[in-house]
Amino acid sequence: MLEKNSILLLNEIIYRIYTVRDFDEMRRSVLEFLQYLIPSTISTFYLASSESPYHLERPVGLGVSDERLQLYLDQYFEVDYTRWTFAAPKSNVYRETDLLRDETRTKTPYYRMLFEQEKVHYSVIVVLIYDGVFLGTIDLFRPREYGDFTDDEIFFLDMLKEHLNFRLYQIMENNTLREKTYPSKEDLVEAYHLTPRELEIVYLLLDGISKAQICEQLCISPNTLKKHTLNLYKKLGIKSWRELFSLLK
């Protein structure tokens with residue numbers, strides 16, 4: 001039977017999956033609350049690559065540096081023996097010890113390069129797939145003294161994965177639609193020399209997001225948004241949102 005605290009944490013994570021508008025902040029928030037529900041010393045959330053099937057990009061993580069997150073993509077990914085799970089027909093949660101026996105996996109280059117370096121021994125991977133489309137992965141790691149991930153912890157992750165699948169698939173569909181109807185980021189940068197923050201604001205404005213919601217989503221003040229908007233208008237040679245919409249749509 002689930003404890004009351006566990007149910008409250010599950011509800012809070014699900015609430016954040018759907019209500020935290022900034023995508024990267026949502027992923028980071030999910031990892032933060034998962035630490036209370038499922039003890040771990042390192043947690044990562046990678047997205048499926050937009051350019052290459054079954055590859056990963058755009059990591060966020062806790063307990064690990066950005067350099068180490070990138071190192072996984074540059075070096076560890078090729079020796080990661082869990083990659084075959086990305087091509088599974090549906091989303092699932094795997095204990096790594098269920099994929100390979102301890103005596104086998106501890107001798108692999110992947111274990112020596114990642115687990116030994118980060119002083120962890122156990123891991124669990126949540127493979128996110130919606131309607132047959134690979135969307136990304138969540139990995140939780142912890143040292144030997146914590147013990148392996150329990151059946152209850154696997155159950156919690158199994159409950160969360162469908163909510164994450166749906167939110168990620170929504171984001172992917174929206175981005176695909178945006179790419180079809182709006183200029184690409186590369187075109188906007190080349191033509192108008194927009195900054196990354198200005199690009200975010202442009203797309204939010206084109207999506208019809210209110211100024212108050214933009215401030216909340218980007219964690220900026222109305223004055224800061226006003227400054228960014230004025231800079232945008234100046235670079236694009238326009239004076240209003242209507243002109244922005246006409247120019248870029």
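**View 1. Confidence along the predicted chain, from helix H12 to strand E3.** In this predicted model, helix H12 (residues 241–248) has the lowest mean pLDDT among the elements of the protein chain, at 76. At the other end of the scale sits strand E3 (residues 92–95), whose mean of 96 is the highest. The protein chain as a whole averages a pLDDT of 88, and 95% of the residues score at least 70. A friendly reminder for this view: where pLDDT is low, the predicted coordinates should not be read in detail.

**View 2. Helices H1 and H2 packed against each other.** Here we look at H1 (residues 4–19) and H2 (residues 23–37), whose axes lie 9 Å apart. The angle between the two helices is about 175 degrees; angles over 145 degrees count as roughly antiparallel, so that is how H1 and H2 run relative to each other. On the H1 side, the contact is made by Ser6, Leu9, Leu10, Glu12, Ile13, Arg16 and Ile17. H2 answers with Met26, Ser29, Val30, Phe33, Leu34, Tyr36 and Leu37. Sorted by class, the contact of H1 with H2 has ten nonpolar residues, joined by two polar and two charged ones.

**View 3. Helices H9 and H11 crossing.** Now turn to H9 (196–206) and H11 (residues 222–236). These helices pack at an angle of about 90 degrees, and their axes are 10 Å apart. Since angles of 65 to 115 degrees count as roughly perpendicular, H9 and H11 are therefore described that way. From H9, the contact takes in Arg197, Glu198, Ile201 and Val202. From H11 come Leu225, His228, Asn231, Leu232 and Lys235. By class, the contact of H9 with H11 holds four nonpolar, two polar and three charged residues.

**View 4. Asp131 in the loop between strands E4 and E5.** Take a look at the backbone here: phi of Asp131 is near 55 degrees, a positive value in a residue other than glycine. The loop that holds Asp131 lies between strand E4 (122–130) and strand E5 (133–142). With a relative accessible area of 66%, Asp131 is exposed.

**View 5. His193 in the loop between helices H8 and H9.** His193 is not a glycine, yet its phi is positive, at about 60 degrees. You will find His193 in the loop between helix H8 (185–192) and helix H9 (196–206). His193 has a relative accessible area of 58%, and it is therefore classed as exposed, the cut-off being over 50%.

Methods. Residues are numbered from 1 along each chain as its sequence is written. This is a predicted model: local features need pLDDT of at least 70, side-chain atom pairs count only at pLDDT 80 or more; totals for chains, interfaces and linings use all residues. Side-chain values use heavy atoms; hydrogens and water are left out. Axes are lines fitted to C-alpha atoms, for helices over the stretch in contact, and angles run from 0 to 180 degrees between N-to-C directions. Helices (H or I, at least four residues) and strands (E, at least two) are DSSP runs, numbered from the N terminus. Angles under 35 degrees count as roughly parallel, over 145 as roughly antiparallel, 65 to 115 as roughly perpendicular and the rest as oblique. Contact means heavy atoms within 4.5 Å. Ala, Val, Leu, Ile, Met, Phe, Trp, Tyr, Cys and Pro count as nonpolar, Asp, Glu, Lys and Arg as charged, and the others, Gly among them, as polar. Buried means under 20% relative accessible area, exposed over 50%, partly exposed in between (1.4 Å probe, protein chains only). pLDDT is the predictor's confidence in each residue, from 0 to 100.
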